[in-house]
Every structure is written in structure tokens, then in C-alpha cells.
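This report describes selected parts of one protein model.

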Amino acid sequence: MLTTSSLAPQDIDLSSPLLSLHPITSRRQSVLPEVARRGLLTDAEPLCAVIDLDTLDELVAQLQRAYPAHVVALHTVAAKSLALRPVLKHLAELGLGCEVASPGELQIAFAAGFPAHRIIYDSPAKTVSDIAEAISHGVHFNVDNFEELARVDRAVTAWHGPLPRIGFRINPQSGAGSIEAMSTGTPTSKFGIGLADFEQRIIDAYVARPWMTQVHVHSGSQGVSLQHTAGDIAAVVRLAEKVEAAASEQRISTIDVGGGLSVNFQSDEITPTFDDHARALHEYAPALFSGKYRIATEFGRALTAKAGMLIGRVEYVKQAGPRTIAVTPIGVQVATRTVFMPDAWPLRVEVYSPEGVPRSGAHHAYDIAGPACFAGDLIATNRQLPKIHAGDLIAVPDTGGYYATNHFSYNSLPRPAVYTTRAGTGTGTRSFQIARRAQLISEVVAEAGEARLIDLP
Ligand SMILES: *Cc1c(COP(=O)(O)O)cnc(C)c1O
């Protein structure tokens, strides 16, 4: 076991009584002592993720209240942000749908209990089988390109049952946000059909296919402004109106506005909110809320990021020239984007005592290193933090989406456990649930391939 330095009074932060803290902050500060008391971090599992169901539920409620009550809305969670079966099951029970983009995500959505009519399939690389599967199950989907449309035509001709909602994914070709790799609406994006390039062909395709009743745009994600996103949604609403004019009847009844609401990674404030999103749509695309259209949404990060954190135990604190480095189990395997693109995906880092009490006192510059064997495996550099000791706990907020559940198996590092938690009622302590067990080392070995080479017949 590591030695745990005992807490001196000056290590305990008395300046901010729990009551005046942001609810997300105080929840996090109540999770850490429980993680310590329950011994959830060990030599075998020095790292875990915790999802706060109270925060998640609040975000879902904010989403469900944000749009006008007269608008029929299918709110889906993007499976890729949080592919955790019991948490998705909980979200299904709250009434959400699920946006999926691969056969695996589709089966996870089914396993989590989402009914087919609340699933939207958005992969840009659907095979013939994927299309047939979506149609036969009644899963809504969006067509990414004209070649896919030819496959869909054949599948629709061969199918004699009711059809799900089928739409085009439109690329508004309106330019990038602040993170090029996250911008789906550039003139040359790999996603969807370019509106500037192909508007007339898109309209003709809708007019010729009365079963195409949806249009989709997802011009996210992180780093794209609300105004930019709302402008793109307004462009597809105009497209729906042009299709109506060309067909002399309303053809498009569902506008799938995608996800892509940015998350504030600087503090626990939720900004922008789903209300801000709804307001921007009101301003840029008022027809969306005229009552003529139903809407679908596909939020990932905005629903999930603020609800989760990574927690890891500091193994060593060492000096290298002028650098002070805290060596932790939190690295590229769970924070892949942050490690490879630290400027685009900065994360906050908090230091707690081994008992889970926030460290305070004079700050020093630290690099927070992960366990992987390459020099760049750092989740923060030159960060001003209170003095860190071996055995301390590091919490990384805002990692409820796209972190622990988007594992990268560098160095054969195992997938950490993910726990969910809720505040107890009354005086109670928190409850914790296992959402995903930590991967066993034997499972890591099993994933390293066959025991010996196997000859093909
Ligand atoms: C990833 C993705 C989303 C969710 O994006 P966020 O930025 O997490 O909200 C929604 N729709 C599609 C098609 C996606 O690829």
C-alpha cells in the first residue's frame, strides 16, 4: 500500500462552505470522500470513472423542457458519448431515444431497451446489411450520400412493411468552428450531401420519393458557435420549404437538428444551456416551431460531459529539471483527445487528499502525467495546483462523455470501472452502483489475439 500523508488543518479548504458551491461542485466534493472511504481505488484499480446521476437527470430535464411544448420532439442521446448499457437504459426510461452510428451501437441501444422508433441511425458508412437492418427493425435513419440513396431505393422496393423515417444528412457547407477535426459543416466535410453543391438534386430526390420525410443536419461539435449551428438548421428548414414548394405538398415533417452543443470545460457553469439552444433556433429558424414540423435532437457531450469525472490515485511526484510531474493512472487510454490535442481539449484537474478532501494552500506548477509509455501522455502541463503528494486523488471534471467510455487500448491498459452515484435522501450518504466493471488483466490478454496462429482453410 502507499503511505497516505495525514491531513494537516491547513490542507483543508475552509474558505468555501459547501452550501455556497455550485451544485455540480458540491456533488463532486461529496463523491471523492466516498470513493476513498469505500476503497474503490486500489493497486489493481488505481483509476475509475464516476457518473453523477443527479446531474445527468437535471441535464435531461433541462433538455426536455427547453423546446416549446407544442412541438413534438424526439430527444436522442448520441451513443458514442456514453456507450454504457445501464446508463443508456436509465436514459431510455427517462424517455430519451438513442442516436447510433455503427452495428455495435445499434445493438447496445436495443440491449439498453430503446424501442426502434426512438433510435436514429446516422453512420456515414452503412453497408447494404446495415440499411436492411434499420428498415426491418423500424429504426429511423439518415442517408449520407447519393450512392447510399441508390442502396436505400433497392431496400425500400424490396420491403413491404411500414417504413421508418428516412432523411438526407445535409452538409450546410457553412464553414468550420474553432476545432477543425470536430467541424462537420465545412465545404469539404466527409459528412452528408453538400447543400451548396447539390441543392437542386436534393430537392428532386425528395420530390421523387414520398417516403423520404426527414432532413438531418449535425453541424457540431465542440467549438461550433450556437449562432453557426442555428444558421445551419435554418438552412435545412428552408430546404424543407423548397421541397414542399416543388412537390406542391409538405413532404418533410421531421427536422433532425443533430447535436453539437458545446460544453464549458472551464468551470462547473453549464453554458450554453439547452434553453440557449432553443432561443437561438427561435431566432434563426422560427418556422421550426410553427407546429408544422416535429423535431429530433441528437445531443452527446452537452448531456453527458458535466455528469462525469475521472478519479485517479497519484502514484509518484517527481522532479525532472524544472518540471514537477505527478505520475497518475489517468492518461491517453481514457483521455485520448486531451492527450493528443491538448489545446483543443483542455481539462480541469483537481487535487484531493487520500481521504478525498480538496487540497488547498500555495500553488505550484505541475505536469499531470498518465501511465502510457510515450512522453506526450500528459493530461495537463504547467498547471498551477496545490501541493500534490503520492497517494492523493486527482479528479478530472467534465469527463462524463467521450472519455472513460471511449477507451484507447494503448499499452494494453485495461478499461477502468465506471460507477454511477446518487445523493442519498435525508441525511444519507451517497449510493454507488457498478455501471461497468474494470476490465480484468485476463480479458486484456484475451483481446491480444489467438493463443497461436490459426491456418486459414
Ligand atoms: C457525434 C454526433 C452527435 C453528438 O455530438 P455532440 O457534439 O456530442 O453533441 C450527434 N449526431 C451525430 C450524427 C454525431 O455524429
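## A buried histidine

H216 is buried, because its relative accessible area is 0% and the limit for a buried residue is under 20%. The model in which this value was computed is a predicted one. As to its place in the fold, H216 belongs to strand β8, which covers residues 212-216.

Which residues is H216 in contact with, leaving aside its neighbours within four places in sequence? They are D122, N142, F168, R169, I170, D256, G258 and E298. With E298 there is also a polar contact, made between the two side chains at 3.0 Å.

## The ligand

| Residue atom | Ligand atom | Distance |
|---|---|---|
| G300, polar backbone atom | oxygen | 2.9 Å |
| Y402, N or O atom in the side chain | oxygen | 2.5 Å |

## A sheet of six strands

Another part of the model is an open sheet of six strands, in the order β14-β17-β11-β1-β18-β19 and with mixed pairing. Which strands stand at the edges of this sheet? They are β14 (350-352) and β19 (431-436); each has a single partner strand, so one side of each is left without a neighbour in the sheet. On average, neighbouring strands here are turned by 30 degrees against each other, direction ignored.

Helix α2, formed by residues 53-66, packs on this sheet and touches β1 (47-52), β18 (417-422) and β19. The direction of α2 makes about 75 degrees with that of β18.

Strands of a sheet pair through backbone hydrogen bonds, in either a parallel or an antiparallel manner. The antiparallel sense is found between strand β11 (residues 308-313) and strand β17 (residues 393-396), which pair over four bridges. Within this pair, G312 stands opposite I394 of β17.

## Cysteines

How many disulfides does the model contain? The count comes to zero, where a disulfide requires a pair of cysteine sulfur atoms within 2.5 Å.

Note on methods:
Residues are numbered from 1 along each chain as its sequence is written. This is a predicted model: local features need pLDDT of at least 70, side-chain atom pairs count only at pLDDT 80 or more; totals for chains, interfaces and linings use all residues. Side-chain values use heavy atoms; hydrogens and water are left out. Two strands pair if DSSP finds at least two bridges between them. Helices (H or I, at least four residues) and strands (E, at least two) are DSSP runs, numbered from the N terminus. Axes are lines fitted to C-alpha atoms, for helices over the stretch in contact, and angles run from 0 to 180 degrees between N-to-C directions. Contact means heavy atoms within 4.5 Å. Buried means under 20% relative accessible area, exposed over 50%, partly exposed in between (1.4 Å probe, protein chains only). A polar contact is a pair of N or O atoms within 3.5 Å; within protein, one must be able to donate a hydrogen and the other to accept it, and residues adjacent in sequence count only if both atoms are side-chain atoms.
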